Amino acid sequence: MSLGFLFFYKTKVGEQSDKMRIEKVLNNNVVITLTDTNEEMVVMGRGIAFQRKVGDTIEVENIEKLLYQKEMKVLKLFLLCLKKSTQKL
């Protein structure tokens, strides 16, 4: 499964990589990463954060969905809903 050039994480030296660095782990299936313009991006995939922590990398081929931040309010609302739904489980 190829996600195209838009979803590759650029490393500090400007090279393209097929891995993304985890900024925050929300649960085993959802993490927050940064785009190449330092905007937050929510990344989802089955078990992509299992036994991983902040600073670790995830493989691009394991990503099932990406959510880019269009407006900060929408992303904050999504994260609030996600936290509430995981607390009920």
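A nonpolar core is taken here as a set of buried Ala, Val, Leu, Ile, Met, Phe, Trp, Tyr and Cys residues joined through side-chain atoms within 4.5 Å, where buried means under 20% relative accessible area, exposed over 50% and partly exposed in between (1.4 Å probe, protein chains only). The model is predicted, so to speak of local features takes a pLDDT of at least 70 and side-chain atom pairs count only at pLDDT 80 or more, while totals for chains, interfaces and linings use all residues. Residues are numbered from 1 along each chain as its sequence is written, and side-chain values use heavy atoms, with hydrogens and water left out.

The largest nonpolar core comprises 10 residues: Met20, Ile22, Val31, Met41, Val43, Ile48, Ala49, Ile58, Val60 and Ile63. Two or more of them come from each of β3 (19-27) and β5. Another core, of 7 residues, lies apart from it, with Val30, Ile32, Met44 and Leu79 among its members.

As for the strands (DSSP runs of E, at least two residues, numbered from the N terminus), 5 of them make an open sheet in the order β6-β3-β4-β5-β7, with antiparallel pairing. Pairing here calls for at least two DSSP bridges between two strands. Strand β5 (residues 40-44) runs antiparallel to β7 and is joined to it by 4 bridges; Met44 stands opposite Lys65 in β7.

Then there is Thr33, in strand β4 (residues 30-34). Thr33 counts as buried because its relative accessibility is 0%. Beyond neighbours within four places in sequence, Thr33 has contacts (heavy atoms within 4.5 Å) with Met20, Arg21, Ile22, Glu23, Glu39, Glu40, Met41, Val43 and Ile58.
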